[in-house]
Amino acid sequence: MIDNFSQLNGIALAYMGDAAYEVFIRRHLIAQGLTKPKRLQHVATNYVSAKAQAALIDLMKTEGLLNSDEWDYFKRGRNANSHTHAKNTDVITYRISTGFEAVFGYLSLSDQNDRMKEIANWCIEQVESGKLKHEE
């Protein structure tokens, strides 16, 4: 566990969370037999794009998935000042996805691996069930 994770800014948490979440997704896709890089990248977009992550947060809110600490870290990431944003999405969607990633950063850095796995698997289920409503 990293002792000062609670003092990190939202962008640093999102930086870590982006990597942690993407590892779950990549492992899942490889386990499903996807091995060609172009195909992997194309399919992974359904899980890891800013639009997908923003849609997942909407579902999390509806279903009450996150606890109060996780929502606090989401808000820290969402409200973080960033001087950049993705070219293929609007600023609001990008900020929401940064909050999504900050939750995973918090869980990863606080060694809450079981909880992180639970949420990542929930996200995978939402995408694969067709519950995710977003446009790429």
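I began with Ser108, which sits in helix 5. The model is predicted, and I read it as such.

Is Ser108 buried or exposed? I found a relative accessible area of 14% for Ser108, so this residue is buried, the cut-off being under 20%. Next I looked up its contacts. Leaving out residues up to four places away in sequence, Ser108 touches Met16, Ala20 and Met116.

I then turned to the aromatic rings. How many aromatic pairs does the whole structure hold? My search of the whole structure gave five. I noted two of these pairs in detail.

Entry one: Tyr21 with Phe100. The pair is edge-to-face, with 4.9 Å centre to centre and 80 degrees between the planes. Tyr21 belongs to helix 1 (residues 10–31) and Phe100 to helix 5 (residues 91–109). They are 79 residues apart, so I logged the pair as a link between distant parts of the chain. Both Tyr21 and Phe100 are buried.

Entry two: Tyr73 with Tyr106. I have this pair down as stacked, at 3.9 Å centre to centre and 10 degrees between the planes. It also links distant parts of the chain: Tyr73 is in helix 4 (residues 68–78), Tyr106 is in helix 5, and 33 residues separate them. I checked burial here too. Tyr73 has a relative accessible area of 10% and is buried. Tyr106 is at 7% relative accessibility and counts as buried.

Note on methods: Residues are numbered from 1 along each chain as its sequence is written. This is a predicted model: local features need pLDDT of at least 70, side-chain atom pairs count only at pLDDT 80 or more; totals for chains, interfaces and linings use all residues. Side-chain values use heavy atoms; hydrogens and water are left out. Rings of Phe, Tyr and Trp (its six-membered ring) pair if their centres lie within 6.5 Å; planes under 30 degrees apart count as stacked, over 60 as edge-to-face and the rest as tilted. Helices (H or I, at least four residues) and strands (E, at least two) are DSSP runs, numbered from the N terminus. Buried means under 20% relative accessible area, exposed over 50%, partly exposed in between (1.4 Å probe, protein chains only). Contact means heavy atoms within 4.5 Å.
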